[in-house]
Every structure is written in structure tokens, then in C-alpha cells.
Amino acid sequence: MPRFGMFPAAFGLFDRGSTLKPFEYLAPDTVDEAVAILTDNAPDARLLAGGTDYLVELKHASEVPKVVVDVSGISEFKGIELTDKGLRFGSGVTHTEIMESDLVAEHALAMQEAALTIGAVQTRNLGTLGGNLVTCVPSVDSGPVLIALDAAVTITGSKGIRIMPLLDFFVGPRKTALEPDELLVDIVIPKEMLGRGCSFRKFGLRKGQALALVNTCASIDLDAGKLADVRIALGAVAPTVIRAVKAEKLLNGKAPSDDLFAEAGDMAATEAKPINDFRASAGYRLDLIRTGTKRVLAEALERAPR
Amino acid sequence: MDVTIKVNGRERTASVAAETTLLSLLRDSLDLPGAKLGCDVGDCGACTVLVDGMSVNACLMLAAQVQDRDVTTIEGLGDYDHLHPLQAVFEQESSFQCGFCAPGMIISAKALLDENPKPTEYEIREALSGNLCRCTGYTKIIEAIMDVSGQSASHADSKSA
């Protein structure tokens, strides 16, 4: 459910205490149990993790599912750890846990920058990384950094486990690659992406509780002083998070400079399809892409190991 | 279903429907109306309570999710005769007017001070960014928190909120 600022409060004046419609609540302890519940009840079962989006959606929904499956107690979804594949985030990790993790600070600092822009303290304490990704709004704040760091997601379901790039997991607004009987288990930033120069910037109408007008993230490597394997991810400017591949191509193999970064920002703006809405015009969003891309590239360069 | 929680140090049990929120459990079943129903979507912070010491919007949790957990509401901080230092300082500094946001503000301030006893003004603003006040403004609230944490509170600037 998109968060329409204070509008729900205004509606609330006329609709006091219109709370949740009846559903059955199940809280499995393991992934296998959760898959079994989903398989038995699909498509009339939905997952609840942090609840910061989904409970809001349920409160405003005309129909609710028969079963709400609370996955917040599943231990396999917890924890941030360094494995032989890379930095692994359980899908149930909260934004607060990301902000407080020394591992994330050391290996993927931009993840903390993104987490800090989400909601406010109370919503970050409850809201999960997996929930943020599965909700899959165009402005998803965790998406750009993970895509700029080439993250992969692990999905499990009745037909087994599959792993795919996060970029493919985002199918459209509020539409992921998850089948009705599947769950997101974890998100892994591959080893070779850890510690590279990476920067994230969100533009919102204010700092707290704001949806992104534009999200920008860049990650880079340096090879003998030249830019290498640049990845630029943009959010809230297309149906899903996108990579600015033409801008990346423009940068790869060249010596970094402010002029080059500005040129890349202009190129990135040509790759996005922002909309006009009540938060900002498409033209303003294009300006933010130009400015934001330039800035995150400059900051990613400062942070790149030489 | 029966839900048992430890609230303000006391174990309480209530029989509620599965779709009951934590906020409704507290207000309607446990007679603890301190946490307020404001926006009901997690924007305003008037329903802020602590669950295992962590601040959350009680409107965004189901009662079933706090089974066997430790909940602190504004009623658990102090009473009329023995105000918690945060309650006392909010009163001294006239930090609230209508008072609707105050329970959430004070709980968020408590969560902050429990982790960070001497926050900067910026840290206070960040910690309160999930709590909206529509009458007094934030200046006096921030001054109160600076004051109770033993810091000078003379230059809270409402313009940078």
C-alpha cells in the first residue's frame, strides 16, 4: 500500500477505528512449515513480516486473505553474516539491525545509508529488508544499493529453492517473481562486490517518513586509475528499480572527472521514465537524476579502494 | 485466541480476535488508553510503545505478535504522584498543549535516552521523526529532552525540523 502521507489520517476522521477484517493467524517456526501453509492455502494466504506496509494494506483492503502467515518468528530469516558467497542478509533482518551492524558498516556502508532513509525509528524497528523488497514499490529504498552491488535473492517454495539476481526479482510495481507458494529467504551481496566504492542518495520532500522522489546509487571499481565495472541504480523513476546501463558504459574504462560524472548524469536521465505525480513533476525528477547520479559517482570514487 | 503479555511489569492475559492490533489490545482489552489511536497507519507515532525495549507503532503490530513479550506503555513510566523524569520535564517546560502526541513523544524519548543518555539536538530530532505534534511545535519538546539529559536547551531551532 503506498503511503499517502497524512491522507489516511484525514479519512480516519470519518472512519474511526475501521480496523482489520477477520482472518486466521498462523505463526510457523520454520521455513518448511511456512511453505506447507502457503501450499495448502495458496492463493488465499499472505505473509506478514514487519507489518509496516502489509498491515496498512490490510486495514484499507476490501477483502483480506483467509490466512495471514506471520514469518517474523522464523529463525532462518534472521541474521547478517559473512559467508563464502558474500554478505548474507536474512529476509527478516530489520532496517535497525542493518543500521547497527558492524559487518554492514565495514563491507557495504551504503546499505546503512539507505536503511536510515526508511520511515522513522518505529518503522525501522519493525520493518524488514525482505518485506521492503517483496512489497516492491518503485520507490523501494533498499533496492538501488542492492542492485548496484549485484545482489542475488534466494527463494524457497514447494518446488524447491531458486536463486536469481534482485534485478529479475523486481517484475513490476508491487509485482515480484515470487509464486504464491514461495518465500524470500535471504539476500546476498556477492563477495567481489564487498568494500567497493559505493554511495546512495535519496531525494524526498523531507527526511522522516518520506517516499523517495528519486533514489540514486553508484558502485565502482578502479583499475589502474580508470573506472571499471560501474553500476548505477535508479529508483522511483521507472516501474521498478533500473540500472542506467548507457551511463555505465560511458564511464567504464575512462579516467574519473567531474565533467565525466556530469555527462553520466545526463545520460542516466535519458534512461529513466519518471512520472508526474503530486510529489514531483517528471521534469524535476529528471533534474534529480542528473544531480544525484553525479553526486553518488563522486562519493563512490572517494570511497573506492586505490 | 488468548494473548499473554507482560505489560508495565505485570503479566496480563486477554482473549482477542486474531486480527486485533497491539494498540487495540492495550486500549480496549487491558484498559491502558495511554497509547493513542491517531493515523492508524504508522505515520503519526501517537501509539508508540516499547516492545522488549524497542519503540514500535502499536497500530502496526498484531496482539498475537507480542505473545510473551515485554511491553511498556506511558502508564508504566510513572503516575500522578510519581512522575517519570521525562513526564515531569515535559510538564515543567510546557512541552505539550493538547497532549495527544505526548505519550508517544515521551516513549520515543525514553527509547532514545535508554540507548543514548546524552543525545545531540540532531539525534533527538532524528529519534522523534516518527512522532508528529500538531499544536505546540517541536521546540519545547526538544528543549525538555535536552534538559532532562542534563544539557543546556537554549538553542533548539524549530526551523531545521
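Visitor: How many bridges join strand β11 of chain A to β12(A), and do they run parallel or antiparallel?

Guide: There are 7 bridges between β11 (residues 197-203) and β12(A), and the two run antiparallel. Strands pair here if DSSP finds at least two bridges between them, and strands (E, at least two residues) and helices (H or I, at least four residues) are DSSP runs numbered from the N terminus. Before we go on: this is a predicted model, where local features need pLDDT of at least 70, side-chain atom pairs count only at pLDDT 80 or more, and totals for chains, interfaces and linings use all residues. Residues are numbered from 1 along each chain as its sequence is written, with chains lettered from A and ligands numbered from 1 in the order in which they are written.

Visitor: Which residue stands opposite C217(A)?

Guide: That's F200(A).

Visitor: And what about β13 of chain A, how many bridges join β12(A) to that strand?

Guide: 8 bridges, antiparallel again, with β13 covering residues 226-235. N215(A) faces G235(A) of β13(A) there. The hairpin of β12(A) and β13(A) has 2 residues between the strands, and A224(A) takes a positive phi near 50°.

Visitor: Why is β12(A) largely enclosed?

Guide: Because 7 of its 10 residues (214-223) are buried, β12(A) is largely enclosed by the rest of the structure. Buried means 20 or more other C-beta atoms within 10 Å of the residue's own, exposed means 12 or fewer, and partly exposed is in between, with C-beta atoms placed from the backbone.

Visitor: Switching topic. Which domains is chain A divided into?

Guide: Domain 1 (7-70), domain 2 (75-192) and domain 3 (196-303); the bounds come from an automatic or database domain assignment. The centres of domain 2 and domain 3 of chain A, taken over C-alpha atoms, are 20 Å apart. In their contact, 22 residues of domain 2 of chain A meet 24 of domain 3 of chain A, where contact means C-beta atoms, placed from the backbone, within 7 Å.

Visitor: Which element gives the largest share of the domain 2 side there?

Guide: α9(A), with 5 residues. By class, that side of domain 2 of chain A, the one touching domain 3 of chain A, has 14 nonpolar, 5 polar and 3 charged residues. Nonpolar covers Ala, Val, Leu, Ile, Met, Phe, Trp, Tyr, Cys and Pro, charged covers Asp, Glu, Lys and Arg, and the others, Gly among them, are polar.

Visitor: How many residues do chain A and chain B bring to their contact?

Guide: 30 from chain A and 28 from chain B. On the side of chain A that touches chain B, α1 (7-12), β1 (24-26), α3 (54-60) and α7 (121-126) of chain A each give two or more residues. The largest share, 5 residues, is from α7(A). That side of chain A divides into 13 nonpolar, 12 polar and 5 charged residues.

Visitor: Over to chain B, then. Which residues of helix α2 are buried?

Guide: In α2 of chain B (residues 85-92), they are L86(B), Q87(B), V89(B) and F90(B). They cover an arc of only 170° around the axis, so they sit on the same side of α2(B); the arc is that of the directions from the helix axis to the C-beta atoms.

Visitor: What do they pack against?

Guide: The buried residues of α2(B) pack against α3 (102-115) and α5 (139-148) of chain B. After α2(B) comes S94(B), with a positive phi near 50°.

Methods: Two residues are in contact if their C-beta atoms, placed from the backbone, lie within 7 Å.
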